[in-house]
Amino acid sequence: MAPSVSILPSSPLNILDFVVNKGHGVKGLAELGLKSLPSQYIQPPQERFETNNEEANQDLIPVIDMSNWDDPKVARAVCEAARKWGFFQIVNHGVASHVLEDVKDATHRFYELPAEEKHKYSKERSVSNSVRFGTSFTPEAENALEWKDYLSLFVAANVDEAASLWPPVCRNEALEYVKSSEPVVKKLMAILMKGLNVKEIDENKESMLMGSKRINLNYYPKCPNPELTVGVGRHSDVSTLTVLLQDDIGGLYVRNTETMKWIHVPPVSGSLVINVGDALQIMSNGKYKSVEHRVVANGNSNRVSVPIFVNPRPSDVIGPLPEVLQSGEKRLYKNVVYKDYVMHFFSKGHDGKATVEFAKA
Ligand SMILES: COc1cc(/C=C/C(=O)SCCNC(=O)CCNC(=O)[C@H](O)C(C)(C)COP(=O)(O)OP(=O)(O)OC[C@H]2O[C@@H](n3cnc4c(N)ncnc43)[C@H](O)[C@@H]2OP(=O)(O)O)ccc1O
Ligand SMILES: O=C(O)CCC(=O)C(=O)O
Ligand SMILES: [Fe+2]
C-alpha cells in the first residue's frame with residue numbers, strides 16, 4: 001500500500017527516518033512519486049555509472065552448460081572462469097525453473113507487504129539476527145545511500161528450523177530455492193577443489209567452504225535519477241561462492257580486471273549467475289578471483305535478485321589451503337576468523353576490493 005503524500009519527508013533527517021527507522025525502505029520512498037533523487041542517495045561522480053566505462057564486447061562472461069556435470073570440459077570451463085573472471089552463468093544446472101520463478105514471485109510478494117509488516121523484520125525489531133529487513137548496505141557507515149532494499153535470511157545447519165522464523169509470505173519458496181541449489185553448490189565446490197588439487201572435501205573443509213548460508217531477497221525500485229546513484233556499489237562478496245538469481249531486467253556489471261571496464265551480465269532465462277567470493281579467493285591463495293561488481297539503478301523498471309551467499313561458519317578460521325601451498329608458493333593471506341572478516345565488511349560502505357586487505361599476509 002503506498003503511503004499518502006502528506007507524509008512526504010522534507011528534511012534530510014526525515015528521509016533517513018522514513019526509509020531506515022520507520023521501515024518504509026527505498027521502495028516506500030520511490031512510491032511517493034518523487035520527481036528527483038533525494039540528496040542522501042547522490043553518489044560521488046566516480047561511483048556513478050558512465051557508459052564510456054562499459055566494455056564494448058558484451059559476450060565475455062562465460063555461460064556454461066551443465067547438462068553433463070562429469071564432462072572434463074565442463075570442469076575445465078568452470079575452473080577457468082573462476083580464475084579469469086570470477087563470474088560465470090550456468091544453464092541446465094538441475095534447479096527446476098518453477099523453483100526460480102516461485103522465489104522471484106515470493107520476493108515481489110514480500111515487498112508488497114505494508115511497511116509496518118516488513119518493519120517487524122528490521123534489525124531493531126526482528127526476533128532473531130537470522131532475519132533482517134534493511135535498506136542500502138550499511139546506512140550508519142555510508143556516505144551516500146544505495147537504491148536497494150533487502151531481506152536477509154540466515155540458513156543454519158538445520159535449514160527447516162532456521163526457516164521457521166522467516167516471513168511466511170516467502171518462507172517456503174526461499175527454502176525450496178536454498179534446498180534445490182544445494183546439489184549445484186556441492187558439485188561446483190567439488191570441481192573447484194579438484195582444480196586446486198584438493199582430492200577430498202573432509203568435514204573441516206566442508207564447513208569452511210559451505211558451513212553456513214545466507215539468502216538475500218533484493219528489491220531495486222524504479223529510480224527518478226538513476227544516473228546519480230547506484231543499486232549496489234562496487235564490492236566483492238565475502239562468501240566462498242554466491243549463487244545469484246536475477247530477473248529479466250538486467251543491470252549487474254562485473255569488472256574486467258584486465259581493462260578495468262565494466263561488463264554487463266545479461267539475464268539468461270533459467271540461468272544462475274555464480275561468482276567467487278573473498279573467502280574462496282583467500283583459501284585458493286588468489287587462484288580463484290573474487291571480482292568487483294555493482295548494480296545500476298533503473299529509471300524504468302523495478303528489479304529483484306536473489307543471491308545465496310555460501311559461507312564458512314562464523315567461527316571458522318580461514319586461510320590458504322595446505323594443498324595450495326604445498327608446492328612452496330608464497331602465502332598471500334593470513335588466517336582470519338571468518339566472523340571478524342564479515343564484521344569488517346559490514347563496518348564500512350562498499351569500497352570495491354578493499355575488504356580483502358584485511359586478510360593480506
Ligand atoms: C545488504 O547489502 C549487501 C549485503 C551483502 C551480504 C553479503 C553476505 O551476507 S555474505 C555472507 C556474510 N556472512 C554471514 O552473514 C555469516 C553469517 N553471519 C553471522 O552469523 C553474523 O552476522 C556474524 C558475522 C557472526 C556477526 O554476528 P553478530 O555478532 O551477532 O552481529 P550481527 O548483528 O549479526 O552483525 C554485526 C554487524 O554486521 C552487519 N550485518 C550482519 N549481517 C548482515 C546482513 N546480512 N546484511 C546487512 N548487514 C549485516 C550489521 O550491520 C551488524 O552491525 P550493527 O551495527 O547493525 O549491529 C552483500 C552486498 C550487499 O550490498
Ligand atoms: O542484484 C544483483 O544482481 C547483485 C547483488 C549483489 O551483488 C549482492 O547482493 O551481493
Ligand atoms: Fe555481490
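Modeller: Start with burial. Buried means under 20% relative accessible area, exposed over 50%, and partly exposed in between, with a 1.4 Å probe and protein chains only. By that rule asparagine 285 is buried, because its relative accessibility is 4%. This is a predicted model: local features need pLDDT of at least 70, side-chain atom pairs need 80 or more, and totals for chains, interfaces and linings use all residues. Residues are numbered from 1 along each chain as written, chains are lettered from A and ligands numbered from 1 in written order, and side-chain values use heavy atoms, without hydrogens or water.

Biologist: Where is asparagine 285 found?

Modeller: In the loop between helix H9 (278–283) and strand E11 (residues 293–295). Helices (H or I, at least four residues) and strands (E, at least two) are DSSP runs, numbered from the N terminus.

Biologist: What should I look for in phi?

Modeller: Most residues other than glycine have a negative phi. Asparagine 285 has a positive phi, near 55°. Methionine 260 also has a positive value, near 65°. Methionine 260 sits in the loop between strand E8 (252–255) and strand E9 (262–264).

Biologist: Is methionine 260 buried, exposed or partly exposed?

Modeller: Partly exposed, because its relative accessibility is 42%.

Biologist: Which residues coordinate the iron ion (ligand 3)?

Modeller: Donors are N, O and S atoms within 2.8 Å of the metal (3.2 Å for Na, K and Ca); water is not among the atoms, so sites may look incomplete. Here the donors are His235 (NE2), Asp237 (OD) and His293 (NE2), at 2.1 to 2.2 Å. Their sequence spacing is H-x1-D-x55-H. Histidine 235, in strand E6 (residues 232–235), and histidine 293, in strand E11, lie 58 residues apart, so the pair links distant parts of the chain. Histidine 235 is buried, at 8% relative accessible area. Histidine 293 is buried too, at 6%.

Biologist: How do I read a surface patch?

Modeller: Patch residues have over 30% relative accessible area and no salt bridge; like charges are joined within 9 Å, nonpolar side chains (Val, Leu, Ile, Met, Phe, Trp, Tyr) within 5 Å. A salt bridge puts a Lys or Arg side-chain nitrogen within 4 Å of an Asp or Glu carboxyl oxygen. Asp and Glu count as negative, Lys and Arg as positive; His and the chain ends are not counted. In this model Glu200, Asp202, Glu203 and Glu206 form a negative patch. Glutamate 203 lies in helix H8 (residues 203–210). Glutamate 203 is exposed, at 73% relative accessible area.

Terms used. Accessible areas come from the Shrake-Rupley method with a 1.4 Å probe; for residues, only the protein chains shown count as cover. The place of a charge is taken as NZ of Lys, CZ of Arg, CG of Asp or CD of Glu.
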